[in-house]
Amino acid sequence: MFEIYAGDKAKKEIEQHGFSQDLFDVFIGASGGPKWFSLYGWDKYLFGEFFKGRSTQLDIIGSSAGAFRAACFTQNDPVAAIERLAHNYAHTRYSDKATAAEITDKARELLDIMLGDSGVDEIINNPRYKAHFFVAKTNGVLASEKKPLQALGLAKSYLLNRKDRALLAKQYERYVFSAAGGNLLFDDPVQLTTHTQTLDADNLKPSLLASGSIPLVMQGIRDIPGCPKGMYRDGGIIDYHFDLKLKNKGLVLYPHFNATPKAGWFDKSLKRGVSKQSYDNVVLICPSPEFIANLPYGKIPDRTDFTELDADTRIAYWQQVFAETERLAEGLDNFIQRQDIGSIKSFR
């Protein structure tokens, strides 16, 4: 039903101490749009039961959809927040030939529903769960809202990245918006320029929306308060599934939708994988190929469902996926109760 992979350090820690929530002090949420629906049952279980009552700090990092999930997990009632996000995201309807402006407006509405009246304050002031939103500041033609120029810039990015991921520094800078008191420490193997910004009441919504602002699909977010002027876009461009050496003392828990994470958006079509060193202290859990094969259409949800399925069919399909992921939550709980450590695989 699901698989668990662990880096060398993580596997040794679990073999010595067992699989328990106090081993982890970082949680990762990746980009991927509605692909995260395949993790819905785990999200509710982990933050409704596994981490419930935790007394030590947990740093929660996310880009794009992962940043929206991080914003749910760091509210006072994380399960209610993730349910609002899932329900309203799944039921979003667009007009035929929706414009970037319409899609962006719908994202703002979704964000407002997800955060409610007090979500911003709850995220900023959460004493234990610390949010970190990853955003990409774009330079050159990628700062334009004209789609032909964006397409030209993205084509250049693809070619630069194909040659060397470090060359993306010519077009992008990483911004990490972190709650005060957060303890996120990492090394980037390719050393892309990285800036940190403290989350506050003025920048939380703009940075969160920017983290999910997909080029060519949505409008970018210009001039986030407190940051240098410019255009800010989807954090997954740089940090799609993350290839960072997290230096926190504890382990990293990473529910993901497959066992082969990719560093950045432009790596999706490449054989290049993430650095094994970056995943030395990571525990990655993912649905098994068999579980996915038994879902409707034999796949997990993705953004093409918006265009290839009519709205009613898409919503019904996604609702069925939500229901199926409850089995993943039950399976993970059984694994933890049994402490079936021998089933953990070494990270590829």
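A residue counts as exposed when its relative accessible area is over 50%, and as buried when that value is under 20%. The model discussed here is predicted.

**Helix 11 and its ends**
- Helix 11 covers residues 311-338, 28 residues in total. At 1.5 Å a residue it should span 40 Å, and its end C-alpha atoms lie 41 Å apart, so the two values agree.
- The N-terminal end of helix 11 is capped by aspartate 310, which places a side-chain oxygen 3.2 Å from the backbone nitrogen of aspartate 312.
- Just after helix 11, glutamine 339 adopts a positive phi of about 55°.

**A buried arginine**
- Arginine 69 belongs to helix 3 (residues 65-73). Its relative accessible area is 1%, and it is therefore buried.
- Beyond its neighbours within four places in sequence, arginine 69 contacts Phe27, Gly29, Ala30, Trp36, Leu39, Asp43, Ile82 and Leu85.

**A nonpolar surface patch**
- Val141, Leu149 and Leu152 make up a nonpolar patch on the surface, with about 230 Å² of accessible area together.
- Leucine 152 sits in helix 7 (residues 147-163) and counts as exposed because its relative accessibility is 54%.

**Positive phi in loops**
- Most residues other than glycine have a negative phi.
- Lysine 97, which is not a glycine, has a positive phi of about 55°. Lysine 97 lies in the loop between helix 4 (78-90) and helix 5 (100-115), and with a relative accessible area of 82% it is exposed.
- Tyrosine 297 likewise has a positive phi, near 65°. Tyrosine 297 occupies the loop between helix 9 (289-293) and helix 10 (305-308), and its relative accessible area of 52% makes it exposed.

Notes: Residues are numbered from 1 along each chain as its sequence is written. This is a predicted model: local features need pLDDT of at least 70, side-chain atom pairs count only at pLDDT 80 or more; totals for chains, interfaces and linings use all residues. Side-chain values use heavy atoms; hydrogens and water are left out. Helices (H or I, at least four residues) and strands (E, at least two) are DSSP runs, numbered from the N terminus. Buried means under 20% relative accessible area, exposed over 50%, partly exposed in between (1.4 Å probe, protein chains only). Contact means heavy atoms within 4.5 Å. The expected span of a helix is 1.5 Å times one less than its number of residues. A polar contact is a pair of N or O atoms within 3.5 Å; within protein, one must be able to donate a hydrogen and the other to accept it, and residues adjacent in sequence count only if both atoms are side-chain atoms. Patches are made of residues with over 30% relative accessible area and no salt bridge: like charges are joined within 9 Å, nonpolar side chains (Val, Leu, Ile, Met, Phe, Trp, Tyr) within 5 Å. Accessible areas come from the Shrake-Rupley method with a 1.4 Å probe; for residues, only the protein chains shown count as cover. A salt bridge is a side-chain nitrogen of Lys or Arg within 4 Å of a carboxyl oxygen of Asp or Glu.
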